[in-house]
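This briefing is set out for a reader working from the sequence and the coordinates.

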Amino acid sequence: MHIPDGILPGGVCAAGYLAAGAATALSLAVVRRQADPHQVVPKASTLTAVFFVASWIHVPIPPASVHLVLNGLLGVVLGPFAFLAILVGLFFQAVLFQHGGLTTLGVNATIMGVPALVVGALFGLGARLWVRSSRWAAVFGFVGGSLATVLSALGFAVVLVTTVPAALDPSLRSTGVTALTIAHLPLAAVEGVFTAMVVLFLRKVQPDLLHGWRR
Amino acid sequence: MTLRGTTWVILAALAVLVPRVGLAHGADVAARVTRQVAVELAVVVEATYHSGRPMAGAQVTVLAPGAPDEPWLVGQCDAEGRFEFAPPVDRPGTWEVLVAHQGHGGRVSVEIAGEGEDAGSAVVTAEASSTAHLSVLQRVVMGACVVWGLIGTALFFSRRRG
């Protein structure tokens, strides 16, 4: 799901940076309104490390090979901090391992970070409105984890299909991108189950760690 | 668990985890010039994912010097991720080759000399991911440094105040 350098036209990269900048500003504004933003930093930092490492774990789903993204998990646990964590994680992945790229950092952060923000907001809302039973926690965790993956895969597909350079055969590229997007559906299930497990665990041992569950 | 204990557990987990998973998503695009005759030139582009899997069926765009907007040639890599083309020797300058497959890919540059003794000869001047050829150990150390930095940040902010 990481778009490397040299694939997208410059305008799209610039637009990606604009969108990522806006999302960063929004996240920071929300974070600043919290009573003690520093309290969340250890959690955010640790989950950035998890996100950074997660992309090394590959799930071969023919014809493609996809890797864990965990942006849903970050959204569920970090809320508004999720975008910042993903941005930092992507930066290190791009700089050290050429996974993604610096010109496409904005696009990638938008593709993966905005779904995390959406999921975080939904999860916080759900936690506030519904009874916090373990069944609902599992449901919200699963939906959060899988929804973020699906949204990211869709964003990835939309960016690639709509920005075909004139030279490339559009139908060939759509076929390839469609295959890769479909390959992300099983991954969405895996991420959903994983996120649900983490949510259930945290709910039991330290519910304060979940976004919006503070009493 | 003590702090030191936690550190060792994390390092041990990384050591177990990383060598087996490898990076499969980065892509390497390399080119080599196969025939260096003044009248004819052939460039073979080889595209593989970092995992070693060839980028079979990847779309290739060749851009001639001075014409970055209009492709000189478009094609597809074969099952081994290879693509061959023959740029005319009378068109010196930097040729760009772009390879893209399912949103992954890269670019290489091939410089064709125009004047002097080397006229008509070609060298590969830039490859897509020159820093990508790191050993597993190097990758593990780099990754561990980042992870440790992030955990250190977490520990710093979670210290007791006062």
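In helix 1 of chain A, the buried residues are A:Cys13, A:Gly16, A:Ala20, A:Ala23 and A:Ser27; a residue is buried if 20 or more other C-beta atoms lie within 10 Å of its own, exposed if 12 or fewer, and partly exposed in between, with C-beta atoms placed from the backbone. This is a predicted model, in which local features need pLDDT of at least 70 and side-chain atom pairs count only at pLDDT 80 or more, while totals for chains, interfaces and linings use all residues. Residues are numbered from 1 along each chain as its sequence is written, and chains are lettered from A and ligands numbered from 1 in the order in which they are written.

**Helix 1 of chain A**

- Helices (H or I, at least four residues) and strands (E, at least two) are DSSP runs, numbered from the N terminus.
- The cover over the buried residues of helix 1 includes helix 4 (81-97) and helix 5 (105-129) of chain A.
- Helix 1 (residues 10-33) has 24 residues and should span 34 Å at 1.5 Å a residue, which agrees with the 35 Å between its end C-alpha atoms; the expected span is 1.5 Å times one less than the number of residues.

**Helix 4 against helix 5 of chain A**

- The axes of helix 4 and helix 5 of chain A come within 8 Å and cross at roughly 150 degrees; axes are lines fitted to C-alpha atoms, for helices over the stretch in contact, and angles run from 0 to 180 degrees between N-to-C directions.
- Helix 4 and helix 5 of chain A are therefore roughly antiparallel (under 35 degrees counts as roughly parallel, over 145 as roughly antiparallel, 65 to 115 as roughly perpendicular and the rest as oblique).
- Residues of helix 4 of chain A that meet helix 5 of chain A include A:Phe83, A:Leu87 and A:Phe91, and among those they meet in helix 5 are A:Ala109, A:Met112 and A:Leu117.
- The residues of this contact between helix 4 and helix 5 of chain A comprise 12 nonpolar, 3 polar and no charged; Ala, Val, Leu, Ile, Met, Phe, Trp, Tyr, Cys and Pro count as nonpolar, Asp, Glu, Lys and Arg as charged, and the others, Gly among them, as polar.

**Helix 3 against helix 5 of chain A**

- Helix 3 (residues 71-78) and helix 5 of chain A pack at an angle of about 40 degrees, with axes 7 Å apart.
- Helix 3 and helix 5 of chain A are therefore oblique to each other.
- The contact of helix 3 with helix 5 of chain A has 9 nonpolar, 5 polar and no charged residues.

**Individual residues of chain A**

- A:Leu70 is located in the loop between strand 2 (64-67) and helix 3 of chain A.
- A:Leu70 has a phi near 65 degrees, a positive value in a residue other than glycine.
- Most residues other than glycine have a negative phi.
- A:Leu70 is buried, with 28 other C-beta atoms within 10 Å.
- A:Ala196, in helix 7 (residues 170-205) of chain A, is buried, with 22 other C-beta atoms within 10 Å.
- Beyond its neighbours within four places in sequence, A:Ala196 is in contact with A:Ala138, A:Gly141, A:Phe142 and A:Gly145 (contact requires C-beta atoms, placed from the backbone, within 7 Å).
- A:Ala196 and A:Val76 are 120 residues apart in sequence, with 9.8 Å between their C-alpha atoms.

**Chain B**

- Chain B has 2 helices and 8 strands, in the order α-β-β-β-β-β-β-β-β-α from the N terminus.
- Of its 162 residues, 30% count as buried in chain B.

Key
Contact = placed C-beta atoms within 7 Å.
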